[in-house]
Amino acid sequence: MKRVHVIDSHTGGEPTRVVIAGGPDLGSGTVAEKLLVFRRDFDAFRSAVVNEPRGNDAIVGALLCEPSDPSCTAGVVFFNNVGYLNMCGHGTIGLMVTLGYLGRLNPGSHRIETPVGVVTATLLDGNTVSITNVPSYRKAKAVVIDVPGYGLVTGDVAWGGNWFFLVEDSPVRVEPANLDALGGFAWAVRRSINASGFPEVDHVELFSDPRNFVLCPGKAYDRSPCGTGTSAKLACLYADGKLREGETWLQESITGSVFEGRVSIINGEIVPSITGTAFVNADAQLLLDPNDPFCWGIRR
Ligand code: PYC
């Protein structure tokens, strides 16, 4: 029987499960290389941690690992019900609050190595974290796609640590009563944008004032305002002259939780900062019994 120590938290409603001990040894490479080893050799472990019957589609896993960059406090590989994430904003907030809960971090700024670069995360108090994300940018503005069943839809393709297609004025209003319809629309948008020359897009972000709705790669929706999605949004707002350096943007999720966002321009790049809160809600051992027919989770 294998035991895996995990700490669960939620950031604005979106769950994070940090693997503290009992995870696979991913070698001594960079965190980007560790992700490749994880995917190649230990994908069953990913599924065991986040998929049913131990997890659910919304949980984002975070495997804590040694950073290769000696200036970093920790390394992390994020994963979900269908694969791996480049970066995760809500997950980084959850990771910091988890490390604070364990007494492994003092309040203040810490560099965290992710597969797409180093982010700086500042533990402001026991629950509040501000992240300075990787540089973000808009790759394509006002891309028009034909979405079967919905017609022409216009949006921007942007990077915020993950790839997003951002649709202003969603034809399906972003409100909790429309969750199923939003999921159906966003998935249809994802298929169309991927078939329209942007195969890299794996998150779809819909807006109708004042909220956003983010559909994640495994069809779960983000309960938080999505840290990387907010970063992509900030990059588009800055590029459009709608947000100036240092101004605050409030991004509200479909559940009503809010992230505060700002941009700084560093060496000509747009560097977003996101502030949000997380709460630890479980400190547990997962039991991986090889005799359990569902030991490695129910995979899609
Ligand atoms: O907060 O960046 C984020 C995120 C990505 C997927 C789920 N949450």
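By class, the lining of the second largest pocket comprises four nonpolar, two polar and five charged residues, where Ala, Val, Leu, Ile, Met, Phe, Trp, Tyr, Cys and Pro count as nonpolar, Asp, Glu, Lys and Arg as charged, and the others, Gly among them, as polar. This is a predicted model, in which local features need pLDDT of at least 70 and side-chain atom pairs count only at pLDDT 80 or more, whereas totals for chains, interfaces and linings use all residues. Residues are numbered from 1 along each chain as its sequence is written, and side-chain values use heavy atoms, with hydrogens and water left out.

The second largest pocket holds about 160 Å³ of space and is lined by E168, D169, F207, S208, D209, P210, R211, K233, W249, L250 and Q251. The elements that give two or more residues to this lining are β12 (203–208) and β14 (249–252), and β14 gives the most, with three residues. Helices (H or I, at least four residues) and strands (E, at least two) are DSSP runs, numbered from the N terminus. A pocket is here an open set of points on a 1 Å grid over the protein atoms alone, where a 1.4 Å probe fits, with protein on both sides within 12 Å along at least five of seven lines, and lining residues have an atom within 4 Å of a point. Grid points are joined across faces, edges and corners, and a volume is the space filled by probe spheres set on the points.

The largest pocket has a volume of about 200 Å³, and of the 13 residues that line this pocket, D156, E168, K233, D240 and K242 are the closest to its centre. Two or more residues of the lining come from each of β9 (137–147), β10 (151–159), β11 (163–167) and α5 (227–239). Its lining residues divide into four nonpolar, two polar and seven charged.

The structure holds 14 salt bridges, a salt bridge being a side-chain nitrogen of Lys or Arg within 4 Å of a carboxyl oxygen of Asp or Glu. One of these joins E168 to K233, with the closest N and O atoms 2.3 Å apart; E168 lies in the loop between β11 and α4 (179–195) and K233 in helix α5, so the pair ties together parts that are 65 residues apart in sequence. E168 is partly exposed, with a relative accessible area of 43%, whereas K233 is buried at 6% (buried means under 20% relative accessible area, exposed over 50%, and partly exposed in between, with a 1.4 Å probe and protein chains only).

The side chains of K141 and D240 also meet in a salt bridge, at 3.0 Å from N to O, and this pair links distant parts of the chain, with K141 in strand β9 and D240 in the loop between α5 and β14, 99 residues apart. K141 counts as exposed at 52% relative accessibility, while D240, at 30%, counts as partly exposed. Both residues belong to a network of salt bridges that links R138, K141, D156 and D240.

As for strand pairing, which requires that DSSP finds at least two bridges between two strands, β4 (residues 74–79) and β6 (residues 108–114) run parallel and are joined by two bridges, with E113 in β6 as the bridge partner of G75. Strand β6 is joined to β7 (residues 117–123) by seven bridges, in antiparallel orientation, and a hairpin connects β6 to β7 through two residues. Within this pairing, I112 has V119 in β7 as its bridge partner.
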